[in-house]
Amino acid sequence: MASFTLHGIPVSRGIAIGRAHLLAPAALDVKHYLVPEEHLEAEVTRLREALAAVHRELQTLWNELPKDAPTELGAFIDVHALILSDPLISEAPLDIIRSRHYNAEWALLTQIDELSAQFDEIEDLYLRERKADIQQVAERVLKVLLGSEPLQPRAEAGADDFQAQMVVVAHDISPADMLKFRDRSFIGFVTDVGGQNSHTAIVARSLDIPAAVGMSQASTLIEQDDWVIIDGDAGVVIANPSALVLEQYRERQMAQTRARKKLNKLKKTAAVTRDGTPITLLANIELPEDCATAMEAGANGVGLFRSEFLFMGRDARIPSEDEQFEQYKKAVVAMKGRPVTIRTLDIGADKPLDQTEHTALNPALGLRAIRYCLAEPQLFLSQLRAILRASAFGKVRILIPMLAHAFEIDQSLAMIEQAKRQLRDAGQKFDANVDVGAMIEIPAAALALPMFVKRMDFLSIGTNDLIQYTLAIDRVDYEVAHLYNPLHPAVLQLIAMTISAGHKAGIDVAVCGEMAGDVKLTRLLLGMGLREFSMHPAQLLSVKQEILNSDLGLIVPQTRKVMRAMEPGAIADAVAALQAM
């Protein structure tokens with residue numbers, strides 16, 4: 001197989017080297033993992049038993065057919081029984097288990113996908129539609145398999161284990177689907193579409209695995225089990241690399257591993273600049289389970305708990321107040337007294353609750369975040385009550401996203417007070433003085449800061465959306481991803497204005513967007529006056545190292561030069577000079 005290179009957008013740093021795992025959209029709900037050699041026959045037996053169980057089901061259906069049942073029903077069962085007996089269904093998946101080490105579900109789906117593609121090429125309409133029968137039979141077998149006890153991937157899998165060599169390759173992966181990979185040992189992913197700050201990319205960084213998006217034809221050019229190298233730093237993917245290239249990247253990978261081990265020594269070191277200024281480093285999390293990683297990295301707290309991930313991937317079923325409360329409480333308890341900032345539901349754009357729901361013409365400008373919550377007051381009140389109840393177990397802050405208007409702020413604060421009254425009436429405990437903050441992510445908010453600072457307890461700059469809305473760039477659209485620029489002078493001015501306004505008002509200001517975790521921008525943000533960074537736990541130690549090596553006395557004057565510059569080249573040069581200090 002000839003080697004080839006694809007160029008896309010880097011979204012998560014590091015190098016991954018492994019076998020390609022092509023992900024079909026229909027296969028997302030089924031576990032995919034590699035089975036060790038010693039367990040292959042057990043996995044073969046599991047699939048055989050599932051096939052036999054479906055045979056028995058079909059026989060029982062046939063035997064219990066009423067005498068007056070239409071003859072088509074009996075014929076339908078016969079067709080399914082014949083399909084189930086065909087070697088393409090009964091034997092080929094067993095061979096896939098033995099040859100590729102796939103688990104039973106994955107092996108069956110792989111074979112079904114291949115058969116379906118063959119049926120799509122048949123000209124005869126009747127025969128082409130028999131594909132549905134094959135898929136229905138496969139669904140029956142999958143239901144039996146999913147009810148059995150599969151061999152699960154070992155959590156302690158090492159770098160040389162089968163499971164630690166799998167790179168996901170797909171056309172696209174939604175944020176909800178990305179969460180399905182959290183407990184698996186995939187080491188990287190590649191997608192055809194996506195941008196630097198799409199939510200899919202953000203989740204990839206939170207998983208701390210190398211990734212590259214916007215690769216265009218990756219899912220069609222890369223074949224199953226191809227060797228793949230992901231250079232997450234450059235946004236490059238190399239398929240079927242030569243032995244020489246493979247060895248070079250393995251050496252780079254080992255060097256990065258050594259550098260990461262050195263960073264681990266900073267976990268218990270306080271984040272203080274060389275001139276003695278303390279900096280607060282917080283973690284962004286998607287689920288309560290992420291708190292363990294945040295604590296391990298030495299985070300001072302949670303600066304952004306993206307609560308919408310509790311709502312996604314649930315077949316449109318909204319979690320109840322009690323379900324939400326238990327999850328928020330779990331995070332608060334896990335952080336052991338450190339503050340936990342919970343952002344209220346931020347759905348819409350590339351984070352729909354239901355993938356089948358109607359999509360607006362321009363969802364990024366539509367009914368999303370606080371606009372959605374105010375339009376669904378009972379949903380919003382339920383979440384607010386759950387968050388407030390969790391505040392009885394530790395320090396909690398409420399963060400409201402996408403605010404732009406005074407009436408939105410006032411309505412949000414009024415609903416928080418209403419939620420408090422409801423809890424008092426119900427005899428529920430909560431922190432009556434919980435801090436409430438605003439996300440500054442719309443230019444209108446950054447340009448009208450006086451109405452925010454007099455109403456809110458703190459501000460958090462969401463640079464991802466602030467850049468998107470300032471530059472009119474859809475950050476999910478890889479065709480315009482090259483226009484997404486955190487160093488655009490307009491973006492820098494809005495960030496600096498927000499930090500300054502917060503300091504003058506005596507309230508905390510954080511940056512919780514992706515800029516906070518970018519070490520190339522750490523000194524620039526410090527020079528602007530930022531003292532609170534919130535990022536993915538995986539980025540925290542690198543940023544801390546940059547802070548420890550920074551001297552504000554040198555940085556602040558150079559930052560002023562950055563802010564005065566308007567031309568891209570001049571800005572880049574001034575930022576490079578900052579990094580060299």
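# Reading strands, cores and rings

Colleague: Happy to. Where do the numbers come from?

Modeller: This is a predicted model, in which local features need pLDDT of at least 70 and side-chain atom pairs count only at pLDDT 80 or more, while totals for chains, interfaces and linings use all residues. Residues are numbered from 1 along each chain as its sequence is written, and side-chain values use heavy atoms, with hydrogens and water left out.

Colleague: How many bridges join β4 to β5?

Modeller: Two strands pair if DSSP finds at least two bridges between them. Here 5 bridges join strand β4 (residues 166-170) to β5, and the two run parallel. On β5 there is also a pairing with strand β6 (residues 211-213), again in the parallel sense, over 2 bridges. Phenylalanine 189 has alanine 211 as its bridge partner in β6.

Colleague: And what counts as a strand or a helix?

Modeller: Both are DSSP runs numbered from the N terminus: helices are H or I with at least four residues, strands are E with at least two. The protein chain has 24 helices and 16 strands.

Colleague: Is strand β5 buried or exposed?

Modeller: Buried means under 20% relative accessible area, exposed over 50%, and partly exposed in between (1.4 Å probe, protein chains only). In strand β5 (residues 186-191), 6 of the 6 residues are buried, so the strand is largely enclosed by the rest of the structure. Threonine 191 is found in β5 and has a relative accessible area of 1%, so it is buried.

Colleague: Which residues is threonine 191 in contact with?

Modeller: Contact means heavy atoms within 4.5 Å. Leaving aside neighbours within four places in sequence, threonine 191 touches Ala170, His171, Asp172, Ile173, Ala212, Val213, Gly214 and Met215.

Colleague: Can we have a residue that is not buried?

Modeller: Take leucine 146, in helix α7 (residues 131-146). Its relative accessible area is 53%, which means it is exposed. Leucine 146 and glutamate 105 are 41 residues apart in sequence and 8.0 Å apart in space, C-alpha to C-alpha. Serine 391, by contrast, sits in the loop between α15 (377-390) and β12 (396-400) and is buried because its relative accessibility is 6%. Beyond four places in sequence, serine 391 is in contact with Val396, Phe430 and Asp431.

Colleague: What about the nonpolar cores?

Modeller: In soluble globular proteins, nonpolar side chains tend to be buried together. A nonpolar core here is a set of buried Ala, Val, Leu, Ile, Met, Phe, Trp, Tyr and Cys residues joined through side-chain atoms within 4.5 Å. The largest one has 106 residues, and those with the most contacts inside it are Leu281, Phe305, Tyr328, Leu459, Ile495, Leu524 and Phe533. Helix α15 gives the most to this core, with 8 residues. A second, separate core has 48 residues, including Leu34, Trp106, Ala107 and Ile112.

Colleague: Which contacts does isoleucine 495 make?

Modeller: Leaving aside neighbours within four places in sequence, isoleucine 495 is in contact with Ile461, Thr463, Leu466, Met515, Leu525 and Met528.

Colleague: How many aromatic pairs does the structure hold?

Modeller: Rings of Phe, Tyr and Trp (its six-membered ring) pair if their centres lie within 6.5 Å; planes under 30 degrees apart count as stacked, over 60 as edge-to-face and the rest as tilted. The structure holds 3 aromatic pairs. One of them, phenylalanine 305 with tyrosine 328, is edge-to-face, at 5.8 Å centre to centre and 80° between the planes. This pair links distant parts of the chain, 23 residues apart: phenylalanine 305 is in strand β10 (residues 302-306) and tyrosine 328 in helix α13 (residues 321-334). Phenylalanine 305 is buried, at 0% relative accessibility, and tyrosine 328 is buried with a relative accessible area of 0%.

Colleague: Why is the pair of phenylalanine 325 and phenylalanine 393 tilted?

Modeller: The ring centres of phenylalanine 325 and phenylalanine 393 are 6.0 Å apart and the planes lie at 50°, so the pair is tilted. Phenylalanine 325 is in helix α13 and phenylalanine 393 in the loop between α15 and β12, 68 residues apart. Phenylalanine 325 is buried at 8% relative accessibility, whereas phenylalanine 393 is partly exposed at 41%.

Colleague: Finally, where does pLDDT stay under 50?

Modeller: pLDDT is the predictor's confidence in each residue, from 0 to 100. Over residues 149-164 it stays under 50, and the model has 33 contacts beyond four places in sequence for them. The mean pLDDT of the protein chain is 86, with 86% of its residues reaching 70 or more.
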